[in-house]
Amino acid sequence: MAFQKAVKGTILVGGGALASVLGLSQFAHYRRKQVSLAYVEAAECVTEPVNREPPSREAQLLTLQNMSEFDILVIGGGATGCGCALDAVTRGLKTALVERDDFSSGTSSRSTKLIHGGVRYLQKAIMKLDIEQYRMVKEALHERANLLEIAPHLSAPLPIMLPIYKWWQLPYYWVGIKLYDLVAGSNCLKSSYVLSKSRALEHFPMLQKDKLVGAIVYYDGQHNDARMNLAIALTAARYGAATANYMEVVSLLKKTDPHTGKERVSGARCKDVLTGQEFDVRAKCVINATGPFTDTVRKMDDKNATAICQPSAGVHIVMPGYYSPESMGLLDPATSDGRVIFFLPWQKMTIAGTTDTPTDVTHHPIPSEEDINFILNEVRNYLSCDVEVRRGDVLAAWSGIRPLVTDPKSADTQSISRNHVVDISESGLITIAGGKWTTYRSMAEDTINAAIKAHNFKAGPSRTVGLFLQGGKDWSPTLYIRLVQDYGLESEVAQHLAATYGDKAFEVAKMASVTGKRWPIVGVRLVSEFPYIEAEVKYGIKEYACTAVDMISRRTRLAFLNVQAAEEALPRIVELMGRELNWDDYKKEEELETARKFLYYEMGYKSRSEQLTDRSEISLLPSDIDRYKKRFHKFDADQKGFITIVDVQRVLESINVQMDENTLHEILNEVDLNKNGQVELNEFLQLMSAIQKGRVSGSRLAILMKTAEENLDRRVPIPVDRSCGGL
């Protein structure tokens, strides 16, 4: 068991024998105490961080250039790579890490946001008597408990409901979930329980009630994945690891071993992606932790290396928070094609996914319309018919590439390994691949153990069990209250800062700009409906953010929550970053263009444009067409066949409503499909048809025109804030 590894010099008696000696109640107490001791002992072995704050990227680059030789060089800045760097540096090894993009820019930021053992893996382990899957679940459940312990600000237990629609399923799933609790042992977050139909609907009112028998609720963990990954990287940097993002490995360095005459990997030629500068980073041991790009690095070492990575794409979508309760998730254990779908509250939104389809390896995976609609259809099956599941309510969508692997040392090289694989090539390159987010720490421990053995390093056991990550040590659930009281932040903003930065939230608050209002005193928001503030942009640069994409997707999570909100915030983010990083106008424009392209292709904005184009069909009843034409002509008083900003301003002035010209331009531009500076009748009808079909929601022009029509005589203000901003 994983916790056994953390207790040095302790002989553990088998559970069954000890239980018979102590009795079940004493044994349970012993197990809880034992795990607690494991955390304490492991944590106490670690010296204090060598840096109070992570060094700047420039300082890290100088260390990479000037160090004659590192013990460990890790390639890859995802969860596993950063975990390897943290594990190595806390054992006293001279450690470096390079990442060609940003920390967590790949699969590690595009997960289901769960920290879990894997209910479905346990089911397979029992049904197929598969001991490997059982061990994987048990290890993951131990790691789940540890991760919740070391990063309490970024993670929390989440109840997940399993709705039951057939009586025979109730005892079947109940036994399975109870076994999940049992396997977790003292690491069980909270005990699972059964709900009656009425109680299930009370907890999850939007659930499909027809034929509902009841529900089972179990607990897993949830986290902010990109921020968690970043916390691991920052913690490694504070403990002395030389970590640098935007450093691409161009080639591997090799030298001849004088004892064997064989070539050994001895470092890497690295290129600073931002400046183009190249230099060598030498290391006794090189670790390949590049996820889906595992085979790319393996082939740098040996061009004839067998490919072991079989990439699979997992698509997720984000919908408004009203689609799910604030603190209850949903599991669909058997979708129409046999996959599992989670439907979870996250960051006050609702996340649904994932799919599992073979894909090619790419740095820029794109969510397909087919996968988005598959998820929506599965969601419809479980939600009440009172809830209209609209395509237009998809606020963001992304695809992550899961690096499934085969074990190159296995006789059956075609068989997918359910666990992670640590492989050492003939030239000494160590590859860690496979596994899952939850087990990143134990994967890192196994990898560094292999490195120590292969290179005879003088280092002790892993010290990362119980080691607090950046921001976790002095965090408390009430920390946000001090932020409100001491700095004058909004309560929502203060809660967000505490849950994102932990005990480092005070540093962000100190950077916050004065609002000029009576309340809040400080904390200017980047966009009105999200609690992200401008100070986070300045602080994000201290956290190694180098581009606008870094800021909207991984320092803040705007791109993952609402792509339209992210696009709206982009100009101000680029302006603030430009001021801090001395960008000229050309660089600012380049950053804007790159970030918009990222939102368009990788975060689902492309799907928005495909829902409403100049080729969209108009599928409206004749009565609806007449109604919408009358509404249009209230603005097009001259019967031109189109409306402009001037026409809208005229109507608004007649009911005493003022709106700045830039906002009006944005509103009309959303519907101006042929981009000729005006909205034609046909474009308006295409918009209304798309809204009726549920393909578009939250159109500001549609809401403005409808409200104006209803209030021309009443003279009431018209709301023009972006409503949800669905895709």
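**Figure 1. Helix 5 and helix 10 pack side by side.** In this view, the axes of helix 5 (residues 79-89) and helix 10 (residues 225-238) come within 9 Å and cross at roughly 25 degrees, where axes are lines fitted to C-alpha atoms, for helices over the stretch in contact, and angles run from 0 to 180 degrees between N-to-C directions. Helix 5 and helix 10 are therefore roughly parallel to each other, since angles under 35 degrees count as roughly parallel, over 145 as roughly antiparallel, 65 to 115 as roughly perpendicular and the rest as oblique. The crossing of these two helices is left-handed, a term used if the near helix is turned anticlockwise from the far one by less than a right angle, with right-handed used if it is turned clockwise. From helix 5, A79, C82, G83, A85, L86 and V89 meet N229, I232, A233, T235 and A236 of helix 10, and contact means heavy atoms within 4.5 Å. By class, this contact of helix 5 with helix 10 has eight nonpolar, three polar and no charged residues; Ala, Val, Leu, Ile, Met, Phe, Trp, Tyr, Cys and Pro count as nonpolar, Asp, Glu, Lys and Arg as charged, and the others, Gly among them, as polar.

The model shown in all views is predicted, so that local features need pLDDT of at least 70 and side-chain atom pairs count only at pLDDT 80 or more, while totals for chains, interfaces and linings use all residues. Residues are numbered from 1 along each chain as its sequence is written, and side-chain values use heavy atoms, with hydrogens and water left out.

**Figure 2. The whole protein chain gives the setting for the close-ups.** The secondary structure of the protein chain comes to 27 helices and 21 strands, where helices (H or I, at least four residues) and strands (E, at least two) are DSSP runs, numbered from the N terminus. Of the 727 residues of the chain, 57% count as buried, and buried means under 20% relative accessible area, exposed over 50%, and partly exposed in between (1.4 Å probe, protein chains only). Among the contacts in the chain with a separation of 6 or more, 72% are accounted for by residues 24 or more positions apart.

Figure 3. Helix 18 and helix 20 (residues 563-581) pack at an angle of about 125 degrees, with their axes 9 Å apart. That makes helix 18 oblique to helix 20, and the crossing of the two is right-handed. The contact is made by A548, M551 and I552 of helix 18 together with A566, L570, I573, V574 and M577 of helix 20, and its residues divide into eight nonpolar, no polar and no charged. V537, which is found in helix 17, is buried, with a relative accessible area of 0%. Leaving aside its neighbours within four places in sequence, V537 is in contact with L526, M551, I573, L576 and M577. V537 and V574 are 37 residues apart in sequence and 9.2 Å apart in space, C-alpha to C-alpha.

**Figure 4. Helix 15 and its covering helices.** In helix 15 (residues 491-501), the residues V493, A494, H496, L497, A498, T500 and Y501 are buried. What covers them includes helix 10, helix 14 (479-487), helix 16 (505-511), helix 17 (535-542) and helix 18 (548-555). Just after helix 15, G502 takes a positive phi of about 60 degrees.

**Figure 5. T290 lies in a loop and makes polar contacts.** T290 is found in the loop between strand 10 (278-288) and helix 11 (294-301), and at 15% relative accessibility it counts as buried. The side chain of T290 makes a polar contact with the side chain of N288 (2.6 Å), and the side chain of T290 also reaches the backbone nitrogen of T294 at 3.2 Å. A polar contact is a pair of N or O atoms within 3.5 Å; within protein, one must be able to donate a hydrogen and the other to accept it, and residues adjacent in sequence count only if both atoms are side-chain atoms. Leaving aside its neighbours within four places in sequence, T290 is in contact with I75, G76 and V297.

**Figure 6. Backbone features in two loops.** The peptide bond from W519 to P520 is cis, with omega near -5 degrees, and P520 lies in the loop between helix 16 and helix 17. K211, in the loop between helix 9 (197-203) and strand 6 (214-223), has a positive phi of about 65 degrees although it is not a glycine.
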